[in-house]
Amino acid sequence: MSDAVRIRVAPTRARLAWPVSARLVALSILVLLSLVAAVRIGAVSMSLHTLFAAVAGRGDPAMVTIVRELRLPRAFQAALVGAALAVSGATFQALLRNPLAEPYILGVSSGAAAGAVFTVVTGLAVRMVWSLPIAAFAGAVLSMLLVFRIAFSVGRALDTRVLLLAGVVVSAFLVALIWLALAFADTDSVRSAIFWMMGSNANASWRSVSILVSCLVPAFVILLGLARPLNLLAIGESTAAYLGTSVERTKLVAFGTATLLTAAAVAMSGTIGFVGLVVPHAVRILWGSDNRSLLPCSALAGAAFLVAADTLARSIAGTNELPIGIVTALVGVPCFVWLLRRPTGAIA
Amino acid sequence: MFQRSVIARRVTSALGTCVCLASIACGADEARRPASSASAVEVRDDAGIDVRLDRPAQRIISLIPSATETLIALGATQQIVGRTRYDVAPEVAKIPSVGGGIDPSVEAIVGLRPDLVIAWANDKRQAIREKLVSLHVPVFVLRTEDTTDIFRGIANIGRLSGRDSAARATAAWMRASLDSIRASVAALPRRKMMYVEFPDPPMTAGPHTFIGQLVSLAGGNSVFSDNTSLWPTVSMEEIVRRDPDLLVVPVGEYTQNTLERFRQMSGWRDLRAVKHGNVVTVPADLVSRPSPSIVESARVLRDAIHPEAAR
């Protein structure tokens, strides 16, 4: 399955012949539009005039609070989480040479959930609100370390197939632990835990946004720097080694960075599915799998997609907020199927 | 079987009774000057946090249906500006909803400019409280497990909404009514029964929940009164071994035949109560709400457990 990652549904398919800069500009405009929509649309409707005044901090204090303390941080958090998941998904798909790879495949989400559920069940989250994201992050990192420990204990070099299996079994083990804890927990804890596991950006604040920025920027720089070695790895590990890539170092740095990035995103917003799997594929179908373009394009597309999904989730049913995972799948799957089935040469 | 029409009538009249009695009891002086005393109030909430208001709350958002009912019973309906989608009281049907109780739209809450939000203690993440407090919206958290909690909640809501005397009158009326219900079954033998909160997996109300206490007050002797969990999940084997004479089942609607369903469920169908048809339904909507309506719940439970004492 050495180049399964390119999903050669139609190997000769003509791709959008856009230069990279044009792709980035187009996607940036998309992100900007989705951010504007996210700030414009919400449970409380307001005129454009009120909205602009509120962004500037003038006018009705309640509206100022809604725009500056609720909508803006939430929109930014959705954008950052979307970007983080898409970039990390693209990296995992390249590293594992497996189209089913996604950010949660190495047990990150189960580890984060186990940490979060621990604070909920023990009541720690009630006493210290920030214990939950910290425990989720710690759980994600611990499960990652465990997965790598298992993978490294088999054979001399890091075998990605063993790594995948280790991720699956560690994940299954952690999920069992979660349900064990919930089986003995009171109904309130179970409900709170399930709410967390469904994922949401409702708790976004400027603090969570600044933490995400400080994780995303360095991680993105590191991964972009690895784009060329990742391209070579996608062809095959031995080929990459012949062509001068230090395979083991690249794999380790890329896996570690992508996992930490996912852990930060999950700690802030719970496990939001689908973005990390499908956004990189969509970008690949459109513009090919050169990671030098794929990584930044995925970041922007993931950001725009998740901001749009989050806006839909919190506005489509009035004041009743839908879990964002429902929206990402219900809207994302038809779009993705359409992209997959797009007749060859329709856009050339 | 319990008469359906009687239950339906009772449920709809339950709140009316509370409101009526409370407003009669609190008298005319409070009606003339509705909670406008300029004095600051400071009340410790059920999470142990002191909540201070410069004056009694005039724009209250209740994220708990039972707290909404309490506010209505205290005559503070005019002070409610927001509710959840789970509120059923007709008095608040026109008041905007802010979503669910533990997942409300914070934006909708802020948009209503509340001076007090009454929220669940049940959210183990405490995310909503943290968020609202950081936006300078006072949040009062309620935890309601037993009847003591209910009375404390009514007193606290009374102080926060500037309706102290109405709260005292309501509590006095509730105590008197509960006493008279207790007295009506004092001479009768206590029935060996089980309150079936949920049939599969079987769950009952523990003796330290308000429902467990009301069942006991209404002359019931729960076969699981030795289980000190709040909402114990019990094994079918243990139910069969303890073999209650009567099952009291809270149900949402009356279209299904509850007894028929129990006759088809393994384990349940072997109970003496089910064989003899001693399965009584009570409106889940009413009995699950820890508000002044517990008086009506106690009466409904008493009529279910001791129909001979019903008037």
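Predicted model: local features only at pLDDT ≥ 70, side-chain atom pairs only at ≥ 80, totals over all residues.
Residues are numbered from 1 along each chain as its sequence is written, chains are lettered from A and ligands numbered from 1 in the order in which they are written, and side-chain values use heavy atoms, with hydrogens and water left out.

**Chain B overall**

- Chain B has twelve helices and twelve strands; these are DSSP runs numbered from the N terminus, with helices being H or I of at least four residues and strands E of at least two.
- Take the contacts in chain B (heavy atoms within 4.5 Å) with a separation of 6 or more: 64% of them come from residues 24 or more positions apart.
- The accessible surface of chain B comes to about 13,100 Å², and carbon and sulfur atoms own 52% of that; the areas are Shrake-Rupley values with a 1.4 Å probe, and for residues only the protein chains shown count as cover.

- β1(B) pairs with β2(B), residues 50-53, in the antiparallel sense over four bridges; two strands pair if DSSP finds at least two bridges between them.
- Opposite B:Val43 stands B:Val51 in β2(B).
- Five residues sit between the two strands of this hairpin, and B:Gly48 in the turn has a positive phi of about 85°.

**The four-strand sheet in chain B**

- This open sheet has the order β4-β3-β5-β6, with parallel pairing.
- β4 (80-82) and β6 (139-142) of chain B stand at the edges with a single partner strand each, so one side of each lacks a neighbour in the sheet.
- Neighbouring strands of the sheet are turned by 35° against each other on average, direction ignored.
- Helix α2(B), residues 65-73, packs on the sheet and touches β3, β4, β5 (116-120) and β6 of chain B; its direction makes about 135° with that of β3(B).
- β3(B), residues 60-62, and β4(B) run parallel and are joined by two bridges, with B:Ile60 having B:Ile80 as its bridge partner in β4(B).

**Around β7 in chain B**

- β7(B), residues 191-195, runs parallel to β10(B), residues 220-222, with three bridges joining them.
- β7(B) also pairs with β11(B), residues 246-251, in the parallel sense over three bridges.
- B:Met193 stands opposite B:Ser222 in β10(B), and its bridge partner in β11(B) is B:Leu246.

**Helix packing in chain A**

- The axes of α4(A), residues 108-122, and α6(A), residues 131-152, come within 7 Å and cross at roughly 140°; axes are lines fitted to C-alpha atoms, for helices over the stretch in contact, and angles run from 0 to 180 degrees between N-to-C directions.
- α4(A) and α6(A) are therefore oblique to each other (under 35 degrees is roughly parallel, over 145 roughly antiparallel, 65 to 115 roughly perpendicular and the rest oblique).
- Residues making this contact include A:Gly111 and A:Gly115 of α4(A) and A:Ala136 and A:Gly139 of α6(A).
- α4(A) and α7(A), residues 160-183, pack at an angle of about 15° with their axes 9 Å apart, and are therefore roughly parallel.
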